[in-house]
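I opened this notebook to keep track of what I looked up in one structure, entry by entry. The sequence and the coordinates come before the notes.

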Amino acid sequence: MIKVTVVVDNSVPISAKKPFLGEHGLSLLLEMNSRKLLLDAGQSAIVVHNLSLLGVHPLQLDAIAISHGHYDHTGGLPHILRHRRKPIPIYAHTRIFGERYSVSGEGREHIGIPFTKEESISLGAEWQFKNEPVEIAPNLWFSGSMPRTTAFEKGDTKLVVCDKTGCDCQDEIPDDTALYYASDKGLVVIGGCSHSGLVNTLNRGFQITGQTRLAGWIGGTHLGPVLPTQQEISLTTLAQYSPDFVAANHCTGFEMMAELRACFGKKFIPAFVGTVIEF
């Protein structure tokens, strides 16, 4: 059995029993037997605050996985490391560090990791850079590189990198990764933003784990910012797998969360801060 708790998300539900804080970001706590792993770290010290309300000290974490190199998934990492004062393995893609931006009109904002690799190592980060799948706990896989096999999943055109001429071009986010859990009921996808596309992310999970049924999805989908065609085909494909639950949050956006609710009914879980999913 595995238990996943949402530590950081954009929203805190009105039903929250503790004074959790929210921010534009994502962090998920995975508990398997005596092991505790964290996927992503939000963008600030909020991750430590919310973990404490869950009764978890950063020193209790056995490992961390980072889904991709954006500030809202990595900014809280130095705070975790400072509270640990002890090294910890961190699984990530080799291309996680780099300059990347978000553009809006004439504006351009840096959205990459807000610290250097060297700074994080000095705080105790033991980077495990993996581009190939690796089993980081029993039946729990880190995806490594995500193959892009679908034609309709174009991604977010507002996310860019500078090419050699200094011009902005779309960031394909080659460091995008996910976690996959092979449960007794099928595949469970545990994602950060799924910038590679929801369907590409699903396909990679089936390939790595050998599962043929989708039990559930947890995390961001990045369906909110993409083209309507990608939204429509992604939702249709997800529905065809008939998962037991879809716990979406963060970059999914409220419009797409409403669509997921309409599609999956009570099988849809708005995965706000403090939400717990066990399977």
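The entries below go from conventions to cores, strands, rings, cysteines and backbone angles.

**Conventions.** I am working with a predicted model, in which local features need pLDDT of at least 70 and side-chain atom pairs count only at pLDDT 80 or more, while totals for chains, interfaces and linings use all residues. Residues are numbered from 1 along each chain as its sequence is written, and side-chain values use heavy atoms, with hydrogens and water left out.

**Nonpolar cores.** I looked first for nonpolar cores (sets of buried Ala, Val, Leu, Ile, Met, Phe, Trp, Tyr and Cys residues joined through side-chain atoms within 4.5 Å), taking buried as under 20% relative accessible area, exposed as over 50% and partly exposed as in between, with a 1.4 Å probe and protein chains only. The largest one has 26 residues, and those with the most contacts inside it are Leu28, Leu30, Leu140, Leu179, Ile190 and Ile218. Strand 2 gives the most to this core, with three residues; I take helices (H or I, at least four residues) and strands (E, at least two) as DSSP runs numbered from the N terminus. A second, separate core has 25 residues, among them Tyr180, Ile208, Leu223 and Phe272. I then listed the contacts (heavy atoms within 4.5 Å) of Ile190 and, leaving aside neighbours within four places in sequence, found Val4, Leu28, Leu30, Leu39, Leu140, Ala178, Leu179 and Ile218.

In helix 1, residues 46-53, the buried residues are Ile46, Val47, Val48, Asn50 and Leu51. Their cover includes strand 1 (3-8), strand 2, strand 3 and helix 3 (77-84), and the helix is followed by Gly55, whose phi is positive, near 80°. I next checked His73, which is found in helix 2 (residues 71-74) and counts as buried because its relative accessibility is 0%. Beyond its neighbours within four places in sequence, His73 has contacts that include Leu26, Asp40, Ile66, His68, Cys193 and His250.

**Strand 6 and its partners.** Strand 6 (residues 101-104) and strand 7 (residues 107-110) run antiparallel and are joined by four bridges, where a pairing of strands needs at least two bridges found by DSSP. Ser102 stands opposite Glu109, and Ser104 has Gly107 as its bridge partner. Two residues lie between the strands of this hairpin, in which Gly105 takes a positive phi near 60°. On its other pairing, strand 6 runs antiparallel to strand 11 (residues 159-162) with two bridges, and there Ser102 has Leu159 as its bridge partner.

**Aromatic rings.** I counted eight aromatic pairs in the whole structure, pairing rings of Phe, Tyr and Trp (its six-membered ring) if their centres lie within 6.5 Å, and calling planes under 30 degrees apart stacked, over 60 edge-to-face and the rest tilted. Tyr91 and Phe142 form a tilted pair, at 6.4 Å centre to centre and 45° between the planes. This pair links distant parts of the chain, from strand 5 (residues 88-92) to strand 10 (residues 140-142), 51 residues apart, and both Tyr91 and Phe142 are buried. Ring pairs also link Phe97, Phe115, Trp127 and Phe129 into a cluster. Arg108 lies over the face of Tyr101, 3.9 Å from the ring centre; the criterion is NZ of Lys or CZ of Arg within 6 Å of the ring centre and within 35 degrees of the ring normal.

**Cysteines.** My search of the whole structure for disulfides (cysteine sulfur atoms within 2.5 Å) returned zero. For Cys169, the nearest cysteine sulfur is that of Cys162, 7.9 Å away, and for Cys193 it is that of Cys251, 3.4 Å away. Cys169 is partly exposed at 31% relative accessibility, whereas Cys193 is buried at 3%.

**Positive phi.** Most residues other than glycine have a negative phi. I noted Asn33, with phi near 55°, in the loop between strand 2 (27-32) and strand 3 (35-39), where Asn33 counts as exposed at 80% relative accessibility. I also noted His222, with phi near 50°, in the loop between strand 15 (214-220) and helix 6 (228-240); His222 is buried, with a relative accessible area of 10%.
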